[in-house]
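Reader: I am new to this structure. Please take me through one part of it closely: the aromatic rings and the nonpolar core.

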Amino acid sequence: MSDDSRARRESRRRLSPIWIVPIVALLIGAWMVWHNYASRGPLITIEMETAEGIEAGKTLIKTRNVEVGKVESVRLSDNLDKTIVTARMSKDSERMLNANSRLWVVKPRIGREGISGLNTVLSGAYIQLQPGDSRDEEDHFVALEQPPVTTQDAKGLRIDLTSNDGSVLSDGDPVTYEGFVVGRVESSEFRPSEKEMHYTLYIDSPYNELVTSTTRFWSTSGVSLRLDSQGLQVDVGSLESVLSGGVAFGIPEDLPRGRPVVENTSFTLYSDQEEAREGSFHQAIDYVIMVDDTVRGLSRGAPVEFRGVRLGTVVSVPYRLTHQRVRTLSSFEIPVLIRIEPERLEGQVDDEGVKQWEKRLERLFKRGLRATLKSGNLLTGALFVDLDFYDNPPPYKTDTFDDIEVMPSVSGGLAQMEAKLNALLDKLNGLDIEPVLGNLNKTLSASESLVKRLDKTAGHVDALLGSDEVQKLPGDISTSIDNLNRTLDGLTPESSAYRKLEGDLERLDRVLKKAEPLLDTLEKNPSSLIFDKPTTRDPIPRAQ
């Protein structure tokens with residue numbers, strides 16, 4: 001029997017059922033790993049100034065209160081000046097992460113707008129994600145120190161303000177229109193190349209329609225005090241602006257409404273409303289005033305008025321003093337640059353209107369219009385330029401200073417007073433004072449002697465009044481008055497002495513009546529006392 005016909009025993013390898021369980025477990029584990037890997041979102045890093053309130057494996061990242069990620073680790077940057085937070089985002093979160101996305105930490109805060117983030121006291125701080133609208137993907141972000149003022153999808157208008165003062169506004173300051181808050185300051189940035197501060201303002205809709213091409217913006221520093229030639233001015237803004245400042249805007253009265261503006265239009269930030277109004281005057285006529293008086297108290301921005309009506313503004317004091325003109329040794333004139341602003345009276349003025357104003361002013365100069373410095377505030381000594389007509393002014397002559405027409409001027413009231421005072425002092429110096437002083441000394445010596453004599457006399461009078469005789473004098477006078485009263489009482493009509501005197505007077509009257517014919521005869525013929533009385537004929541009437 002051959003070997004080929006013999007049955008052979010073959011061994012067959014079979015998978016033991018016991019391996020099924022680990023294989024299934026392995027497959028499930030692999031699926032879970034793949035599922036976990038496939039469900040992961042992108043890994044991002046967030047740069048922060050401090051990691052206060054951030055915990056690895058606990059702090060969440062939210063958008064509209066929906067969890068979209070979690071912090072995995074927190075570490076310091078290589079140069080130790082920042083905190084780097086690594087977070088794993090959820091699946092499909094790539095569309096929220098781009099160059100315009102913003103993140104910030106939500107935690108309890110106390111600010112000008114009130115208290116926020118109180119809900120994190122118990123739950124802990126979290127990172128808020130505000131999705132951006134850029135198409136540039138980004139996985140590294142710099143967290144904001146403060147929550148943004150507005151959201152990316154907010155409807156409104158962003159504008160840019162430029163200023164030379166970097167301490168005027170801060171992020172979050174209110175933007176007001178007629179005292180009503182209509183927006184916020186979003187950001188501030190100083191650009192060294194331009195040496196200017198740039199502020200980004202956000203005006204909420206529908207108030208963005210209030211901003212036009214003729215709108216002016218000015219700072220509202222809460223309480224504004226101004227003490228100048230126009231007196232004391234106090235401007236008080238809203239309570240929030242009093243505490244933190246802010247910015248206001250509006251359209252000057254003399255300007256039209258203007259056309260609507262587009263996003264990120266640039267405006268100038270003025271220091272106050274008056275400066276903003278002055279900034280709206282585009283047409284002006286420059287003049288130089290040669291001042292022969294002191295300019296102490298005259299400052300840039302002082303008004304130029306005609307009988308109380310403001311026509312312009314002082315631009316520079318002094319104006320290019322290095323090009324000063326010294327006409328005589330006794331006359332040193334200080335150039336002052338002023339600007340006549342016709343738009344203050346006539347609204348908008350074109351170039352032709354400016355030429356008409358120049359001709360009009362020239363005619364007025366020939367008729368006696370002159371500029372002078374006057375005191376606008378006695379308390380501060382502030383001066384302003386006053387235009388008025390004067391009698392017999394110096395003749396007007398066309399002149400220029402540094403290619404700018406010179407406005408004729410006269411000395412102000414202070415200079416005139418100073419001149420009068422100097423003349424008075426000169427007269428006093430010319431007086432011969434020594435004889436006057438000699439006479440004055442003699443008068444003073446005589447007065448001193450007189451005073452001594454009066455003092456001595458007063459001493460005698462005091463001694464006399466203090467003597468016993470004088471002290472008794474009132475009692476004696478009182479006794480005499482009593483005696484006189486008693487005597488007068490004895491002469492009353494009811495007294496016997498009065499009746500006796502009355503009877504004697506009646507008898508005397510009768511005697512006199514009886515003696516009256518005798519007395520008449522003696523008066524007419526004194527010799528009748530010795531001779532007989534001559535016989536007289538009866539008078540005969542005259543014939544008619």
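Author: What follows starts with the core and then turns to the rings. The model is a predicted one.

The largest nonpolar core has 27 residues. Those with the most contacts inside it are Ile338, Ile340, Val385, Leu387 and Met407. Several elements each supply at least two residues of this core, among them strand 19 (285-291), strand 22 (334-340), helix 6 (351-366) and strand 24 (382-389).

Take Leu387. Leaving aside neighbours within four places in sequence, Leu387 is in contact with residues including Ile340 and Met407. Leu387 also touches Val304, Phe306, Leu311 and Leu369, among others.

Now the rings. The structure holds 8 aromatic pairs. In one of them, Phe217 and Phe249 have ring centres 5.3 Å apart and planes at 35 degrees, so this pair is tilted. Phe217 sits in strand 14 and Phe249 in strand 17, 32 residues apart. Phe217 and Phe249 are buried. Another pair, Tyr287 and Phe365, is edge-to-face. Here the centres are 5.9 Å apart, with 85 degrees between the planes. Tyr287 belongs to strand 19 and Phe365 to helix 6, 78 residues apart. Both Tyr287 and Phe365 are buried.

The charged end of Lys62 sits over the ring of Tyr126, 4.6 Å from its centre. Arg360 lies over the face of Trp357, 5.0 Å from the ring centre.

Definitions and conventions
Residues numbered from 1 in each chain as written. Predicted model: local features only at pLDDT ≥ 70, side-chain atom pairs only at ≥ 80, totals over all residues. Heavy atoms only, no water. Core = buried A, V, L, I, M, F, W, Y, C linked by side-chain atoms within 4.5 Å. Buried < 20%, exposed > 50% of the residue type's maximum accessible area, 1.4 Å probe, protein only. Helix = DSSP H or I, 4+ residues; strand = E, 2+ residues; numbered from the N terminus. Contact = heavy atoms within 4.5 Å. Phe/Tyr/Trp six-rings, centres within 6.5 Å; stacked < 30°, edge-to-face > 60°. Lys NZ or Arg CZ within 6 Å of the ring centre and 35° of its normal.
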